[in-house]
Amino acid sequence: MNGLDFIESSIKLLIEKSTTYFPWAEKSVEIMSRLNDSIQDILVNHPSSKENPPYRFAVKLNSANAQIWQKNPSWQKDLSNAYIAIIKEYGIRQQFAPTFTLVVKNSLDDKEVVFEEIADSSARDKTSAINSSKKPKISPLPDVESSPILLFGEDKEIKLTTSVITIGRRRSNDVVIDDMRISRTHAQIRHVPEGYMVFDAGSSGGTFINGTRIAQQVLRTGDVISLGGYKFIYLNDGNLINTKTVHDDQIGFEDK
């Protein structure tokens with residue numbers, strides 16, 4: 001087992017024992033997972049943070065959940081202990097006591113909690129979520145026979161025959177990847193006049209096209225989409241290869 005595998009194994013163990021840190025929270029596993037996602041995002045995209053790790057965070061959740069948290073006087077202490085435990089597994093020493101501020105965001109559902117570092121806007125690169133007020137126009141879909149595909153693995157493909165394809169850890173996604181490196185809703189592929197466009201949906205680990213992190217980008221044939229170590233190849237002509245087409249309504253990947 002290499003160092004990265006050891007860290008991932010240790011983090012998973014912490015998440016499984018999340019009730020140790022959040023005995024008052026029904027969704028303790030989700031809280032611990034999202035906190036780790038946020039920390040991992042910062043460390044991966046800003047390596048300098050390993051020398052000076054962040055210590056101020058906004059905790060976003062809907063008003064109902066915010067009220068539940070506020071009724072528990074130890075929530076900040078519990079979050080601080082969980083944060084320090086996760087940071088320790090990454091081999092990082094925290095110089096300052098972490099602080100957390102509750103922020104109400106009613107667009108989040110009961111199962112969602114979002115951690116965001118509080119920092120100067122110029123200090124960190126921000127990957128924006130899809131702006132629902134500025135979604136691209138949906139154009140007519142191509143014929144099934146000529147539909148573009150996403151190729152994954154050695155012999156499987158997903159035909160793009162719908163206007164929106166969602167990818168993430170949440171079971172309601174079209175493509176479900178059961179891996180903690182993948183956010184609950186990680187990315188979307190939407191049909192637009194130019195063809196298909198991939199959007200990062202505010203994921204913690206990021207969405208990459210040909211190795212470059214993107215917020216949104218029109219796909220071209222041969223583009224490689226990478227999410228948390230999983231790769232999909234976009235092809236705009238299903239006749240280019242002879243592979244096994246996946247017909248299931250929902251595609252699932254297990255965390256090995």
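**View 1. Strand β1 pairs with β3 in this predicted model.** Strand β1 covers residues 56–61 and meets β3 in the antiparallel sense over four bridges. Pairing requires that DSSP finds at least two bridges between two strands. Strands are DSSP runs of E with at least two residues, helices are runs of H or I with at least four, and both are numbered from the N terminus. F57 stands opposite E117 in β3.

**View 2. Three strands form an open sheet in the order β2-β1-β3.** The pairing in this sheet is mixed. β2 (99–104) and β3 (114–117) are the edge strands, each pairing on one side only. On average, neighbouring strands are turned by 30° against each other, direction ignored.

**View 3. Helix α4 lies across β1, β2 and β3.** The helix, residues 75–89, runs at about 120° to β2. Angles run from 0 to 180 degrees between N-to-C directions, with axes fitted to C-alpha atoms, for helices over the stretch in contact; contact means heavy atoms within 4.5 Å. Buried residues of α4 include W75, L79, Y83 and I86. Buried means under 20% relative accessible area, exposed over 50%, and partly exposed in between (1.4 Å probe, protein chains only). Just after α4, G91 has a positive phi of about 75°.

**View 4. N210 sits in the loop between β10 (207–209) and β11 (212–214).** Its phi is near 55°, a positive value in a residue other than glycine. Most residues other than glycine have a negative phi. N210 is partly exposed, with a relative accessible area of 48%.

**Notes.** Residues are numbered from 1 along each chain as its sequence is written, and side-chain values use heavy atoms, without hydrogens and water. Local features need pLDDT of at least 70 and side-chain atom pairs count only at pLDDT 80 or more, while totals for chains, interfaces and linings use all residues.
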